[in-house]
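Open the model in your viewer and keep the selection tool ready. We will go stop by stop.

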Amino acid sequence: MTRFFLLVTFIATCFSYGFSQKHTISGHIKDASNGEELIGATVKVKNTTTGVVTNVYGFYSLTIEKGAHTLVFSFIGFNSVEKQIDLTENTRIDIELTSGSKNLEVVEISDTRADENINGTQMSTIDMNIETIKKIPALMGEVDIIRAIQLLPGVQSAGEGSTGFFVRGGGVDQNLVLLDEATVFNASHLLGFFSVFNGDAIKDAKLYKGGIPARYGGRLSSVLDVHMKDGNNKKLALSGGIGLISSRLTIEAPIIKDKASFILSGRRTYADLFLKLSNNEDLKNSKLFFYDLNGKVNYNINERNKVFLSSYFGRDILSIAGEFLLGWGNQTFTGRWNHLFSDKLFSNLTLIASDYDYTLGIPDGFDAFEWNSSIKNYSLKNDYTLYLNTKNTLRFGLQSTFIDFNPADFKPLDDNASFNALQLPKKYNLEHGIYLSNEQRFGANLTLDYGLRFSLFQNIGTDTVYNFDQNYDTIPGNSFTSYKKGEIFNHYSGFEPRIGLKYALNDFSSIKASYQRMYQYLHLANNSTSGTPLDVWFPSSPNIAPRRADQFAVGYFRNFKSNMFESSVELFYKDIHNAIDFKDNAQLIFNRLLEGEIRIGSAYAYGAEFFLRKQTGKLTGWASYTYSRSLRKINSLNEGQEYSANYDRPNNLSLVASYQINKWWQLGATFVYTTGLPLTAPTGKFVYQGQTIPVYSERNGARIPAYNRADLSVTYDVKKNAERRWKSSWNLSIYNVYNRKNAFSIVFKEDESTGEPEAIKSYLFAIIPTITYNFKF
């Protein structure tokens, strides 16, 4: 394979020389303060439209005519660097940019270049800067990437206190969440109040809602790609925060200055420590906490080789009076090798492991039991970028993943228990993908980004597959089929075309369009919307075909006043084949015949997204509004009539503002409004043979009340001085400032006086003030 790609590079280079004398400039762009490679930094030939953007490893490659040129290296929030060169041969130029944050009048809220929304091919994409996120009022004082993206168009919260999110009419299981390329199956802590992403350890986060690049696959709705920091390779650095219920600490330092570094970051909540001070014995014996740890090491072997090792470990523990235990957590590992075959061909070889598991049980007594479940991924992938010339950038690669499902392992802990152990059959699968894409410029105005992905999914024995008839009952005399170890007994495959188009109308506006096809081979058995630790993942099989989604999107993008203001309008339509839902009163836990509870049909979603953002000045922020619908039609449900999906929320409004009063004080505010989630409500009752039978509305025919909330924050920087190494700040955040009791759930019971069904609302949060001390050294 290496020889093949070297040959490709040699031919491409010869092709360039055959027509004109061109040479390649390549290198990395880094932050001068800590050596972190800058993602999305720009290299341009001054006074031309010729340029390139750094990849996720800060690498760039630009091929131009020989001779004298002035190159401009820039990244938003940093001081630009101009460098004059006389290009006579291939040249390597590594650049370090210094922060421009001393200028109080220029406070950026995006980590992309200011006109990226106009000139970039990618649409339906959200870049989030950690510094931007830190300005948003935080629930319980914790900065959170997922809560921040929920404030942007096309993204909706799964509910109060949840880090689950819906993207363009898709469910929480239709989002591919990656941490340094490793899949995170459940991104929540404390039953959804926090996410697994520690802001102090994160460098970059990007959400793709549409026009998803061909290198990604496996989910229908979105990709959230999060990258950890590499670690400061200049000097020792400490950062952290002390809050009312949680604290965190991060240490990063060079191992060999400018060559190797590490970062280690940890968090823990300590609400459980205060429970021990209670006079109530049950509370004393209860536990409720989470902890997580991020670690990463990188080593720059030479100019052409660099290796990274990163890992995440997180765990949640919930114990009630010592009589009930629930624990869950994620573990990930990523090993990467960056290699430059030439100044034009960049390679990344990645080894990935991911494990999500949970435990439920009663630890003591006659009815003591333990239930364990897990899903594990082991993956090998190889990605290449070929900077063919200034008009064409090719990306290609392949990936293979082994997936190990353990649906349920249930066992009694007492020898005299009245129930038996239960082990649901494990599932083993392989998922493969291979892709090729090209970003091609046609003149100054038109750019196309087109590609094709081919995916293949295989079921592997040992396995037992149950056989169902048209009524979803097992077939008598032929209820199941067994497969031996290692036997590939079923497979699905499909081509996934992707195309994106950008046409610049002028220097400050453009139109974009995209189409994508995505296959999803993994599914989530959960009747709730937000996701819980007890989520049961299951694969496609002979009974369950993969879901397929085709999405079309078009948008208009315009900037105002020298890119101070950014605006956009996007329209989308998504068509879903083999949509999955569950029959009424489905049994999803401990069910060998789970596939018999599933009903399959079609679904579609459509919507419009409006966005206005102020990017510079003392006052920054954005306003976003989304109108969208997500509808389903499954013949065996709702009498075959169309109905709203569980996550259908037509209206979603978010307002975000940050105001820098002076160099010490900063204010932040957010307001959100969303339509309530759908539910199936009782509309009456009848009596049959002495029993009262409720009558329900059409499926998801009612809604819980609309959700709205305002948050405020104020941050004070203690003795802010660029020359001081120790920097600290106090942050006061008020969540739900006007104390609205938003409905978390609605249950119905019969009113004793009238006999009519009565709706009972439960809520999670009233007003929550928190104070956090943050520091950096």
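Which residues of the largest nonpolar core touch the most other members? Select Ile 145, Phe 165, Leu 179, Phe 197, Ile 202, Leu 224 and Val 226: of the 40 residues in this core, these touch the most other members. A nonpolar core here is a set of buried Ala, Val, Leu, Ile, Met, Phe, Trp, Tyr and Cys residues joined through side-chain atoms within 4.5 Å. Buried means under 20% relative accessible area, exposed over 50%, and partly exposed in between (1.4 Å probe, protein chains only).

A note on the source: this is a predicted model, in which local features need pLDDT of at least 70, side-chain atom pairs count only at pLDDT 80 or more, and totals for chains, interfaces and linings use all residues. Residues are numbered from 1 along each chain as its sequence is written, and side-chain values use heavy atoms, with hydrogens and water left out.

Among the elements that give it two or more residues are helix H4 (145-149), strand S11 (165-167) and strand S17 (222-228). H4 gives the most, with four residues. Helices (H or I, at least four residues) and strands (E, at least two) are DSSP runs, numbered from the N terminus.

Now centre on Leu 224. Leaving aside residues up to four places away in sequence, its contacts include Ile 146, Phe 165, Phe 197 and Leu 207. Contact means heavy atoms within 4.5 Å.

Next, colour by domain. The protein chain is divided into domain 1 (2-114), domain 2 (125-225) and domain 3 (226-776); the bounds come from an automatic or database domain assignment. The C-alpha centres of domains 2 and 3 lie 6 Å apart. Across this pair, 73 residues of domain 2 are in contact with 113 residues of domain 3. Together the two bury about 7,900 Å². Buried area is the accessible area (1.4 Å probe) that two parts lose on being put together, summed over both.

Then go to Asn 34, in the loop between strand S1 (22-31) and strand S2 (42-45). Is Asn 34 buried or exposed? Asn 34 counts as buried because its relative accessibility is 18%. Its side chain reaches the backbone nitrogen of Glu 36 at 2.9 Å.

Last stop: strand S30 (residues 463-466). Asp 463 and Val 465 on one side, and Thr 464 and Tyr 466 on the other, are all buried. S30 pairs with strand S31 (residues 480-483) in the antiparallel sense over four bridges; pairing requires at least two DSSP bridges. Find Thr 464, then look opposite for Ser 482 in S31.

Conventions. A polar contact is a pair of N or O atoms within 3.5 Å; within protein, one must be able to donate a hydrogen and the other to accept it, and residues adjacent in sequence count only if both atoms are side-chain atoms.
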